[in-house]
Amino acid sequence: MKTEATGTTGTRILALDNLRVALTALVVVHHAAITYSHIPLWYYSEPAQDPSGFLLDVLLVVNQAFFMGFFFLISGLFTPGSYDRKGAGRFLVDRLLRLGVPLLAYVVLLRPLVVLGHYLQDPDVPYWQHYLDTLDAGPMWFAEVL
């Protein structure tokens, strides 16, 4: 396997870097396809009126079957080494800063704006109650799971 030196901290595994790039491209394709498929799981949906919608549905189902699992696999491959190098305390603090802070920023700053649009369409309850009733990590679910 080909690697590249990155200074004193170790080497990069180029095959994994290439896999991450390809998987990231699949994430972009996946989310673009959701918009035009018959699977309305996105902020904006405009289902195709021709057979291309079915092809996008197939792409989404096949893609969803493996691409996020690969990301978790890559993440898990490096977790034990990071934990061993840093120790429990520093590892947890680093994880909290890298994953927890962006998750908290989304939930506290961005999500209220996203939810407001849905709330204004049918304001049955006070906004704060609607916000708490529908509380989830949204697009930050990956950071929440990690």
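In what order do the elements of the protein chain run from the N terminus on? The order is β-β-α-α-α-α-α-α, giving the chain six helices and two strands; helices (H or I, at least four residues) and strands (E, at least two) are DSSP runs numbered from the N terminus. The model is predicted, with local features needing pLDDT of at least 70 and side-chain atom pairs counting only at pLDDT 80 or more, while totals for chains, interfaces and linings use all residues. Residues are numbered from 1 along each chain as its sequence is written, and side-chain values use heavy atoms, without hydrogens and water.

Turning to overall form, the C-alpha trace spans about 55 × 40 × 20 Å along its principal axes. The radius of gyration, taken over C-alpha atoms, is 20 Å, whereas a compact globule of 146 residues would have one near 15 Å (the rule being 2.2 Å times the number of residues to the power 0.38). Buried residues (under 20% relative accessible area, 1.4 Å probe, protein chains only) make up 22% of the 146.

The axes of α3 (residues 67-86) and α4 (residues 88-121) come within 6 Å and cross at roughly 125 degrees, with axes fitted to C-alpha atoms over the stretch in contact and angles running from 0 to 180 degrees between N-to-C directions. The two helices are therefore oblique to each other, a class left over once angles under 35, over 145 and from 65 to 115 degrees are set aside. Contact (heavy atoms within 4.5 Å) involves T79, S82, Y83 and K86 of α3 and A88, R90, F91, D94 and R95 of α4.

Note on methods. Buried < 20%, exposed > 50% of the residue type's maximum accessible area, 1.4 Å probe, protein only.
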